[in-house]
Amino acid sequence: MGESVRPHVIETVDLTMIYKSGKVEACALRGVNLVVKEGEFVAVMGPSGCGKSTLLHLLGGLMRPTRGRIFIDGTDIGRLGDAGLTEVRRKKIGYVFQRFNLFPTLTAKGNIELAKKIHGNGHLNARGAEEILEMLGLKDKVAFRPPELSGGEQQRVAIARAVINQPRIILADEPTGSLDSRNARMVLRMMRELNEKLNQTIVMITHDHEAAAMASRIIEMRDGQILHRAQHFAYEPEFEGLF
Ligand SMILES: Nc1ncnc2c1ncn2[C@@H]1O[C@H](COP(=O)(O)OP(=O)(O)OP(=O)(O)O)[C@@H](O)[C@H]1O
Ligand SMILES: [Mg+2]
């Protein structure tokens, strides 16, 4: 087909998403072109409704775009069938969702071990569930179930679950949104450590400037598009002063 080589971990071309509910259409992404290189830690910022979660869900192959292409490690995932897409998700991607999506009947440890069973690729360095929970300050909560955990604790379990298999890519939707500043810092430090030591590529949505400062690059979105530098200089100073 004369395809050009796509050497990047993540690349999107003209990525467009229009949600349809009945006769109403919502254009959530308007032709996003994005390249993320191996080992980058990218923070995605922008106002509510600008398309951040939509972008992340598409990058993770959780839904299919209306138009445009997504390359993961050079593979055009739009060309894969459902089974192929599931395999890419399992092998390469760890998710932290805006809502936690933990199994309510399993303990904290059980949730993580399940991820290991389902997605594990026999990685030699895969850490134990208890070790990761300890790193995240949840040593005493290993046997607790999600309804018995606070929102912040559940979020940390979700993060432990995403990183347990050391996926090549971590996609995180406001991972620190429900955490106090101490726990937020703990989680961010851990993500940065994974990024630096394991060269994991991270795309993290955040509203928090302190969290974004941990990233190696910040992408600003508005209204379904990525802002270019010149545009976002025009926005920021005035907005900052208002709050
Ligand atoms: N399942 C859906 N059906 C219809 N419209 C949707 C759906 N999901 C998102 N949208 C619309 O797409 C737009 C982008 O939503 P998205 O969730 O990507 O925003 P966001 O930037 O993540 O916002 P937030 O910061 O509030 O999480 C919004 O206008 C939203 O109403
Ligand atoms: Mg969102």
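This passage describes the fold of a predicted model, the surroundings of its ligand and several individual residues.

Because the model is predicted, local features are reported only where pLDDT is at least 70 and side-chain atom pairs only at pLDDT 80 or more, whereas totals for chains, interfaces and linings use all residues. Residues are numbered from 1 along each chain as its sequence is written, chains are lettered from A and ligands numbered from 1 in the order in which they are written, and side-chain values rest on heavy atoms, with hydrogens and water left out.

The chain contains eight helices and 10 strands, where helices (H or I, at least four residues) and strands (E, at least two) are DSSP runs numbered from the N terminus. Of the 243 residues in the chain, 44% are buried, a term that stands for a relative accessible area under 20%, while exposed stands for over 50% and partly exposed for values in between (1.4 Å probe, protein chains only). The accessible surface of the chain comes to about 12,600 Å², and 51% of this surface belongs to carbon and sulfur atoms; such areas come from the Shrake-Rupley method with a 1.4 Å probe, and for residues only the protein chains shown count as cover. Among contacts (heavy atoms within 4.5 Å) between residues at least 6 apart in sequence, 71% join residues at least 24 apart.

The shell around ligand 1, made up of residues with a heavy atom within 4 Å of the ligand, includes Tyr19, Ala28, Pro47, Gln98 and His207, as well as Ser48, Gly49, Cys50, Gly51, Lys52, Ser53 and Thr54. Helix α1 (residues 52-59) supplies the largest share of this shell, with three residues. By residue class, the shell divides into four nonpolar, seven polar and one charged, where Ala, Val, Leu, Ile, Met, Phe, Trp, Tyr, Cys and Pro count as nonpolar, Asp, Glu, Lys and Arg as charged, and the others, Gly among them, as polar. An oxygen atom of ligand 1 is 2.5 Å from an N or O atom in the side chain of serine 48, and a polar backbone atom of glycine 49 is 2.8 Å from an oxygen atom of the ligand. For lysine 52, a polar side-chain atom lies 2.7 Å from an oxygen atom of ligand 1. On its own, ligand 1 has 630 Å² of accessible area, of which the protein covers 62%.

Cysteine 50, one of the residues around the ligand, is buried, because its relative accessible area is 3%, whereas cysteine 27 is partly exposed at 31%. The structure holds zero disulfides (pairs of cysteine sulfur atoms within 2.5 Å).

Isoleucine 202 lies in strand β8 (residues 201-205) and counts as buried because its relative accessibility is 0%. Leaving aside neighbours within four places in sequence, isoleucine 202 is in contact with Glu40, Phe41, Val42, Ile170, Met191 and Asn195. Its C-alpha atom is separated by 5.8 Å from that of isoleucine 169, which is 33 residues away along the chain.

Phenylalanine 144, by contrast, is found in the loop between α4 (129-135) and α5 (151-163) and is partly exposed, because its relative accessible area is 30%. Beyond its neighbours within four places in sequence, phenylalanine 144 is in contact with Leu106, Thr107, Ala108 and Leu149.

Glutamate 220 belongs to strand β9 (residues 217-222) and is buried, with a relative accessible area of 6%. The side chains of glutamate 220 and arginine 222 are joined by a polar contact of 2.9 Å, a term for a pair of N or O atoms within 3.5 Å in which, within protein, one must be able to donate a hydrogen and the other to accept it, residues adjacent in sequence counting only if both atoms are side-chain atoms.
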